[in-house]
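Open the model in your viewer and keep the selection panel at hand. We will go from one selection to the next and say what is there at each stop.

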Amino acid sequence: MSLDGKFGDLIQVKRAFLQTSVKDYAAGGNDMLDDVKASLDEAKTEILNHILLASYIREESGDVAYRNECLEMFNSWFEKWFGKP
């Protein structure tokens with residue numbers, strides 16, 4: 001899964017900056033960007049899987065249960081990836 005949107009753009013800009021930097025600094029920076037990209041890809045995959053699972057709840061239990069499950073899953077996902085608001 002590729003990284004899109006603002007995070008993907010940000011990573012591309014930072015990689016372009018690192019390409020013009022000192023070799024050792026660039027290597028370390030690219031390693032860090034790879035770690036960030038992997039985490040963001042994981043977060044994206046996780047939220048998409050949660051949405052897919054919630055859609056099954058909608059079919060089985062209706063819109064109210066679906067909305068409640070989406071909210072609960074999103075809050076849990078958000079706290080995991082961004083901390084408690």
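Begin by selecting leucine 10, which sits in helix H1, residues 5–19. This is a predicted model. Leucine 10 has a relative accessible area of 45%, so it counts as partly exposed.

**Zoom out to the whole chain**

Switch to a cartoon view. The chain has three helices and zero strands, and read along the sequence its pattern is α-α-α. Along the principal axes, the C-alpha atoms fill a box of roughly 55 × 25 × 15 Å. The radius of gyration is 18 Å, whereas a compact globule of 85 residues would have one near 12 Å. Of the 85 residues, 20% count as buried. If you draw a surface, the chain exposes about 6,500 Å², with carbon and sulfur atoms supplying 59% of it.

**Select helix H2**

Now pick residues 23–61, which form H2. How far apart are the end C-alpha atoms of H2? They are 56 Å apart, which agrees with the 57 Å that its 39 residues should span at 1.5 Å a residue. Just after H2, look at glycine 62, which takes a positive phi of about 95°.

Next, colour the buried residues of H2: Ala26, Gly29, Leu33, Leu40, Asp41, Ala43, Glu46, Ile47 and Ala54. What do they pack against? Their partners are H1 and helix H3, residues 63–82.

**Visit the salt bridges**

Searching the whole structure gives four salt bridges.

Start with aspartate 34 and arginine 15, whose side chains meet in a salt bridge with an N to O distance of 2.4 Å. The pair links distant parts of the chain, with aspartate 34 in helix H2 and arginine 15 in helix H1, 19 residues apart. Aspartate 34 is partly exposed because its relative accessibility is 39%, and arginine 15, at 22% relative accessible area, is partly exposed as well.

Move along to aspartate 41 and lysine 37. Their closest N and O atoms are 2.8 Å apart, in a salt bridge. Both residues lie in helix H2, four residues apart, or about one turn of the helix. An α-helix has 3.6 residues a turn, so residues three or four places apart point the same way. Is aspartate 41 buried or exposed? Aspartate 41 counts as buried, at 12% relative accessibility, whereas lysine 37 is partly exposed, with a relative accessible area of 27%.

**Finish at glutamate 46**

Select glutamate 46, and show its side chain with that of lysine 80: the two meet in a salt bridge, 2.8 Å from N to O. Lysine 80 lies in helix H3 and glutamate 46 in helix H2, so the pair ties together parts that are 34 residues apart in sequence. Why does glutamate 46 count as buried? Its relative accessible area is 17%, and buried means under 20%. Lysine 80, by contrast, is exposed, with a relative accessible area of 51%.

Keep glutamate 46 selected and show its surroundings. Leaving aside neighbours within four places in sequence, glutamate 46 is in contact with Trp77, Lys80 and Trp81.

Conventions
Residues are numbered from 1 along each chain as its sequence is written. This is a predicted model: local features need pLDDT of at least 70, side-chain atom pairs count only at pLDDT 80 or more; totals for chains, interfaces and linings use all residues. Side-chain values use heavy atoms; hydrogens and water are left out. Helices (H or I, at least four residues) and strands (E, at least two) are DSSP runs, numbered from the N terminus. Buried means under 20% relative accessible area, exposed over 50%, partly exposed in between (1.4 Å probe, protein chains only). Contact means heavy atoms within 4.5 Å. The expected span of a helix is 1.5 Å times one less than its number of residues. The radius of gyration is taken over C-alpha atoms; the globule rule is 2.2 Å times the number of residues to the power 0.38. Accessible areas come from the Shrake-Rupley method with a 1.4 Å probe; for residues, only the protein chains shown count as cover.
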